[in-house]
Amino acid sequence: MLAKRILLITVLLSSLNVNAYAMENCESTFENTSCYTKTIRDIFHYIDQDFHINKATKDFHEVENYLTEKVPGFNLQDFVLDEYQLMDRNGIYYLYYKYVVNGYETPYYVMVYCENDIPVKYYAKLPSAEQKQAMKPAQVFNMDDKIMEAKKKAVEKIHGNKYLKNCTLESQKVTPKMDENGNTFLYVSTTYTYTDDGDDVITGVDKYEYVLQCNL
């Protein structure tokens, strides 16, 4: 039982860490959607028109046209819909459009709150002209090699935990990200499984940030 508790604590701590290089040289400023939701209070803009949207067919063109008119800087060339946010939670879901620069996800977005396929309100967190100037990533040569190295280091981080040395790697997803200062990272999400002392198979997800460019 003690070993199980130590293992659980270790896994939780591992999932909260970022790589040492990033901690020493660049502090990542990415936030998750739950953090955004907690800080958004009465700054939503209510939608005063009736729109037809269909989550099943992903037909959102009416509300997207509305956002293009109402939100300065919003366009479907620079924003990518995060389909994970389309997961229905008791009839509630979000149209979450991430602002992307040269293939890098940024901390900026436009989010539409929907209930039962009705867009109710939206919130936009967009960069200023100054911030747009800062977010100009340098060209990265041999990106495929960088991705392979990031994946490898992510696995080394997991295997650095003595309780996970024999875990099974299930999948890895690499997402290029950039903060508001133009610092760029490869964000590696690694899913793994391991068997605990009771022969139960446990699934874990580890997060790792590989620094590409750091503007100190």
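A: Let's begin with a hairpin: β7 and β8 have 5 residues between them, and D199 in the turn shows a positive phi of about 65°. Helices and strands here are DSSP runs (helices are H or I with at least four residues, strands are E with at least two), numbered from the N terminus. Keep in mind that this is a predicted model: local features need pLDDT of at least 70, side-chain atom pairs count only at pLDDT 80 or more, and totals for chains, interfaces and linings use all residues. Residues are numbered from 1 along each chain as its sequence is written, and side-chain values use heavy atoms, with hydrogens and water left out.

Strand β7 covers residues 184-195, strand β8 covers 201-213, and the two run antiparallel over 12 bridges. Strands count as paired if DSSP finds at least two bridges between them. T184 has Q213 of β8 as its bridge partner.

There's another hairpin, made of β4 and β5, with 2 residues between the strands; N116 takes a positive phi there, near 50°. Strand β4 (residues 104-115) pairs with β5 in the antiparallel sense over 7 bridges, and C114 has P119 in β5 as its bridge partner. β5 (residues 118-125) also pairs with β1 (residues 45-46), again in the antiparallel sense, over 2 bridges. In that pairing, H45 sits opposite Y122 of β5.

In α4 (residues 61-70), V63, E64, Y66 and L67 are buried, where buried means under 20% relative accessible area, exposed over 50% and partly exposed in between (1.4 Å probe, protein chains only). These four lie on the same side of α4, because they cover an arc of only 155° around the axis; the arc is taken from the directions from the helix axis to the C-beta atoms. The general rule behind this is that an α-helix has 3.6 residues a turn, so residues three or four places apart point the same way. The buried residues of α4 pack against β1, β3 (92-101), β4 and β5, with contact meaning heavy atoms within 4.5 Å.

The largest nonpolar core has 24 residues, and L67, L95 and V112 have the most contacts inside it. α4, β3 and β4 are the elements that give two or more residues to this core. Such a core is a set of buried Ala, Val, Leu, Ile, Met, Phe, Trp, Tyr and Cys residues joined through side-chain atoms within 4.5 Å. Neighbours within four places in sequence aside, L67 is in contact with F74, Y97, V110, V112 and Y122.

On to the rings. The structure holds 10 aromatic pairs. One is F51 with Y66, edge-to-face at 5.1 Å centre to centre and 65° between the planes. F51 is in the loop between β1 and α4 and Y66 is in α4, 15 residues apart, which makes this a link between distant parts of the chain. Both count as buried, F51 at 15% relative accessibility and Y66 at 5%. F74 and Y97 also form an edge-to-face pair, because their ring centres are 5.4 Å apart and their planes are at 80°. F74 lies in the loop between α4 and β2 (79-81) and Y97 in strand β3, so this pair ties together parts that are 23 residues apart in sequence. F74 and Y97 are both buried. Elsewhere, ring pairs link F44, Y96, Y109 and Y123 into a cluster. For the cut-offs, rings of Phe, Tyr and Trp (its six-membered ring) pair if their centres lie within 6.5 Å; planes under 30 degrees apart are stacked, over 60 edge-to-face, and the rest tilted.

K98 is in strand β3 and counts as buried at 18% relative accessibility. Not counting residues up to four places away in sequence, K98 touches D78, F79, V80, D82, E105, Y108 and Y109. K55, in the loop between β1 and α4, is partly exposed at 23% relative accessibility. Its C-alpha atom is 7.5 Å from that of L86, 31 residues apart along the chain. Leaving out neighbours within four places in sequence, K55 is in contact with F60, L86, D88, Y93 and D117.
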